[in-house]
Amino acid sequence: MRPTTLAKTALAALATSVAGGLASKDSQSFWYARLRKPGFQPPRQAFPIVWPILYTDIAVVSASTIDTFEERGETQKAAAYKRALAANLVLNASWSWLFFNRRRLGTSAVAAGVLAASSADLARRAAGANPAAGAVLAPYPLWCAFATALSTRIWQLNR
């Protein structure tokens with residue numbers, strides 16, 4: 001993988017992390033503390049551990065996937081992956097803004113589902129370049145699917 005490609009995907013993942021983090025600062029708010037949460041809610045400390053690992057995974061696998069497609073001359077697949085990655089990262093950051101900043105529980109649950117589908121699509125596309133890369137990216141859609149279940153249950157508990 002080329003360092004320039006990795007720098008681009010890492011910056012994109014970092015920007016997503018910062019944007020989501022700015023919205024998530026309200027996770028310490030009285031409003032969030034008052035929400036009813038399901039028993040399967042992970043401890044607060046899990047999120048700052050899981051997300052940096054996932055963002056690193058996204059950046060590295062995406063750079064490798066883009067470069068693999070380009071090296072094979074599959075420029076359309078590389079461009080499609082870049083578009084899918086950009087859309088995915090926008091969805092990723094949007095969830096935090098919908099949930100914490102706008103407090104739209106139902107909308108954020110739907111957004112989490114769309115993010116999970118988008119993340120699964122990224123893993124599928126990465127597997128098309130290299131099956132091992134798709135496997136390495138697989139925890140991302142799995143975590144997003146879990147986040148969908150969690151968001152949906154929080155919404156249900158707090159209508």
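The questions and answers below set values computed from a predicted model against the definitions behind the words used for them.

In this predicted model, local features need pLDDT of at least 70 and side-chain atom pairs count only at pLDDT 80 or more, while totals for chains, interfaces and linings use all residues. Residues are numbered from 1 along each chain as its sequence is written, and side-chain values use heavy atoms, with hydrogens and water left out.

Q: Why is G106 called buried?
A: Buried means under 20% relative accessible area, exposed over 50%, and partly exposed in between, with a 1.4 Å probe and protein chains only. G106 has a relative accessible area of 15%, so it is called buried. G106 lies in helix α5, where helices (H or I, at least four residues) and strands (E, at least two) are DSSP runs numbered from the N terminus.

Q: How do you know that the side chains of R2 and E70 meet in a salt bridge?
A: A salt bridge is a side-chain nitrogen of Lys or Arg within 4 Å of a carboxyl oxygen of Asp or Glu. For R2 and E70 the N to O distance is 2.7 Å, and therefore the pair meets the definition. The two residues belong to distant parts of the chain, with R2 in the segment before α1 and E70 in helix α3, 68 residues apart.

Q: Why are D121 and R124 separated by about one helical turn?
A: They are separated by about one helical turn because they are three residues apart in helix α5. D121 counts as partly exposed at 22% relative accessibility, whereas R124, at 52%, counts as exposed.

Q: What makes a set of residues a nonpolar core, and which residues have the most contacts inside the largest one?
A: A nonpolar core is a set of buried Ala, Val, Leu, Ile, Met, Phe, Trp, Tyr and Cys residues joined through side-chain atoms within 4.5 Å. The largest has 22 residues, and those with the most contacts inside it are W51, I58, Y81, L122, L137 and Y140. Helix α3 gives the most to this core, with seven residues. Apart from it lies another core, of ten residues, among them W31, F99, F100 and I154.

Q: What makes a space a pocket, and what is the volume of the largest pocket?
A: On a 1 Å grid over the protein atoms alone, a cavity is a set of points where a 1.4 Å probe fits but cannot get out, whereas a pocket is an open set with protein on both sides within 12 Å along at least five of seven lines. The largest pocket holds about 850 Å³ of space, a volume being the space filled by probe spheres set on the points, which are joined across faces, edges and corners. Lining residues have an atom within 4 Å of a point; there are 34 of them here, and S24, F47, W51, W95 and F100 are the closest to the centre.
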